[in-house]
Amino acid sequence: MSDAQATIQKTVTENDVVLFMKGDKMMPQCGFSSRVAGVLNFMGVDYHDVNVLADADIRQGIKDYSDWPTIPQLYVKGEFVGGCDIITEMTLSGELDTLFETNGVAFDKEKADQVRAANA
Ligand SMILES: N[C@@H](CCC(=O)N[C@@H](CS)C(=O)NCC(=O)O)C(=O)O
C-alpha cells in the first residue's frame with residue numbers, strides 16, 4: 001500500500017466523518033466543496049476536513065481509494081458516501097439524516113429541516 005493510501009485509510013478509520021475537499025471547512029476553494037462543507041457546517045456536524053490542494057498524492061490517492069473521479073468526497077465511519085451531487089440529494093431526501101443517526105453522528109435536526117424547507 002502506498003503512503004497516500006495508508007494515510008487515507010488511517011484518516012477515515014480514526015475520524016467518524018471526513019470530508020476530502022478543496023480548501024478547508026472555513027475557506028473552501030471550490031463551489032462543490034463549499035456546498036458540502038456548508039451543509040455539514042450548518043447542520044453542526046463535527047467532521048475532519050482534508051484539503052487535497054495541499055497534497056497532490058492525497059488528491060490523486062483519494063480518487064483511487066474510492067474509485068470516484070472527483071472531489072469533494074465524504075466518508076462516514078470509513079465508508080465513502082458521495083460527492084456534492086449525492087450529498088445534496090441525500091440532504092434534501094433526509095437520507096443523510098438517517099445515515100448520521102444510524103452511525104451515531106450528532107447533528108442538528110432542526111437545521112437539516114431548515115435546509116429542506118429552503119429548497120422545497
Ligand atoms: N459532480 C461532482 C462535482 C465535483 C467535481 O466535478 N469536482 C472536480 C472539480 S473541483 C474535480 O474534483 N476534478 C478532479 C480534480 O480536481 O482533481 C460531485 O457531485 O461532487
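Visitor: Which residues is Ile87 in contact with, leaving aside its neighbours within four places in sequence?
Guide: Val36, Leu74, Val81, Gly82 and Leu96 are in contact with Ile87 once those neighbours are set aside. Contact means heavy atoms within 4.5 Å.

Visitor: What sort of model is this?
Guide: This is a predicted model, in which local features need pLDDT of at least 70 and side-chain atom pairs count only at pLDDT 80 or more, while totals for chains, interfaces and linings use all residues. Residues are numbered from 1 along each chain as its sequence is written, and side-chain values use heavy atoms, with hydrogens and water left out.

Visitor: Back to Ile87. Where is its place?
Guide: Ile87 sits in helix H4, residues 84-93. Helices (H or I, at least four residues) are DSSP runs, numbered from the N terminus.

Visitor: Buried or exposed?
Guide: Ile87 is buried, because its relative accessible area is 1%. The cut-offs are under 20% for buried, over 50% for exposed, and partly exposed in between (1.4 Å probe, protein chains only).

Visitor: Now the ligand. Which residues are around it?
Guide: The residues around the ligand are Lys22, Cys30, Phe32, Arg59, Lys63, Pro69, Thr70, Ile71, Pro72, Gly83, Cys84 and Asp85.

Visitor: Which polar atoms lie by the ligand's oxygen atoms?
Guide: A polar side-chain atom of Lys63 is 2.6 Å from a ligand oxygen. Polar backbone atoms also take part: one of Ile71 lies 2.8 Å from an oxygen atom of the ligand, and one of Cys84 lies 2.7 Å from an oxygen atom of the ligand. A polar contact here is a pair of N or O atoms within 3.5 Å.

Visitor: How much of the ligand does the protein bury?
Guide: The protein buries 75% of the 500 Å² that the ligand exposes when taken alone. Those areas come from the Shrake-Rupley method with a 1.4 Å probe.

Visitor: Different topic. How many salt bridges are there?
Guide: The count comes to 5 salt bridges. The rule asks for a side-chain nitrogen of Lys or Arg within 4 Å of a carboxyl oxygen of Asp or Glu.

Visitor: Why would such side chains pair?
Guide: Side chains of opposite charge can pair when their charged atoms come close.

Visitor: What does Glu14 pair with?
Guide: Glu14 forms a salt bridge with Lys10, with the closest N and O atoms 3.2 Å apart. Both residues lie in helix H1 (residues 3-14), 4 residues apart, about one turn of the helix. Both Glu14 and Lys10 are exposed.

Visitor: And Arg116?
Guide: Arg116 forms a salt bridge with Asp97, where the closest N and O atoms are 2.7 Å apart. This pair links distant parts of the chain, with Arg116 in helix H6 (residues 109-118) and Asp97 in helix H5 (residues 95-102), 19 residues apart. Arg116 is buried, with a relative accessible area of 17%, and Asp97 is buried at 1%.

Visitor: Which residues are linked with them in a network of salt bridges?
Guide: The network links Asp97, Glu101, Lys109, Asp113 and Arg116. Within it, Lys109 and Glu101 meet through their side chains at 3.6 Å, N to O. Lys109 is partly exposed, with a relative accessible area of 38%, and Glu101 is partly exposed, at 46%.

Terms used: Helix = DSSP H or I, 4+ residues; strand = E, 2+ residues; numbered from the N terminus. Near = heavy atom within 4 Å. Polar contact = N/O pair within 3.5 Å; in protein donor to acceptor, adjacent residues only side chain to side chain.
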